[in-house]
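Work through the exercises below with the sequence and coordinates at hand. Each task is followed by a solution in steps.

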Amino acid sequence: DAAGPLSHRRVLVTAGPTVEPIDPVRFIANRSSGKQGYAIAAALRNLGADVTLVTGPTNEKPPAGINVVRVQTAREMMSASEAALPFDCAVCCAAVADYRPEIETPHKIKKERGGLTDIPLTENPDILKTLSKMTEGRPRLVIGFAAETDDVLGHAEAKRNRKGCDWIVANDVSPGEHCAMGGERNTVILITEDGDEEWPEMSKGEVARKLADRIAGALKGPALV
Ligand code: PMT
């Protein structure tokens, strides 16, 4: 058992994109390298937490000493996350595809037949919202991320209310040299019940360590699970 402020705490981290198949060769996905989520999983482990990382496909090497569950789709991410319950804290850093093709076609859709111009979509389950709104056995601290391109703070605050999570970490994902999606650095605003805190630009590892320290502070007191 690792010593540290988070020893005996169970934490779920979701990371990476989800990949939603259209047919055997095509898919819908979001842009995410997994770097921020993997860094958070490592930082929490370094504080002694028992970490389960539920991850979509990425090129990142998973940190040692944590439970890694690899998934492809949002539905798989949802069931793997629920299977990891109970936990004290959830950090939903994954870029989950909001929609998936209604039907996964078992054969390659031929473009000559026009089958690719109109793909009916259906909404995916929302992991962050489901965990936040649990009535029994809800994790004590549920943290979401908000990937925004404009009015970052306004949209992130609205998202925190809509999803019902305790904290939300807002990041600007506008394309460009310093884009958070895929890049090495991130500039975030941490929104908690106490207000908004703008953190200066730093590496994803530093964001992860700062967030893990805040989580350790919030989970002080006897372990619930
Ligand atoms: O992976 P990197 O390249 O390092 O980039 C990191 C990141 C930019 C992807 C990450 O920091 C980030 O912002 N992750 C959330 C991306 C996202 O999809 O945000 P969103 O605003 O669409 O979703 C809001 C929150 O709901 C997120 O916590 C998301 O995990 C969660 N969600 C969304 C939809 C869904 N069906 N289920 C969810 O759990």
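The exercises cover a strand, a helix and the ligand shell. This is a predicted model, in which local features need pLDDT of at least 70, side-chain atom pairs count only at pLDDT 80 or more, and totals for chains, interfaces and linings use all residues. Residues are numbered from 1 along each chain as its sequence is written.

**Exercise 1.** Determine whether the faces of strand 1 are covered, and find the strands that pair with strand 1.

Solution. Strands (E, at least two residues) and helices (H or I, at least four) are DSSP runs, numbered from the N terminus. A residue is buried if 20 or more other C-beta atoms, placed from the backbone, lie within 10 Å of its own, exposed if 12 or fewer, and partly exposed in between.
- Step 1: Arg-10, Leu-12 and Thr-14 are buried on one side, and Val-11, Val-13 and Ala-15 on the other.
- Step 2: Six of the six residues are buried, so strand 1 (residues 10-15) is largely enclosed by the rest of the structure.
- Step 3: Strands pair if DSSP finds at least two bridges between them. Strand 1 pairs in the parallel sense with strand 4 (residues 50-55) over six bridges, and Ala-15 has Thr-55 as its bridge partner there.
- Step 4: Strand 6 (residues 89-92) also runs parallel to strand 1, joined by four bridges; Cys-92 stands opposite Thr-14.

**Exercise 2.** List the buried residues of helix 5 and locate them around the axis.

Solution.
- Step 1: The buried residues of helix 5 are Lys-204, Val-207, Ala-208, Leu-211, Ala-212 and Ile-215.
- Step 2: They cover an arc (of the directions from the helix axis to the C-beta atoms) of only 130°, which puts them on the same side of helix 5.

**Exercise 3.** Find the element that gives the largest share of the shell around the ligand.

Solution.
- Step 1: The shell has 30 residues, taking those whose C-beta atom, placed from the backbone, lies within 6 Å of the molecule.
- Step 2: Strand 9 gives the largest share, four residues.
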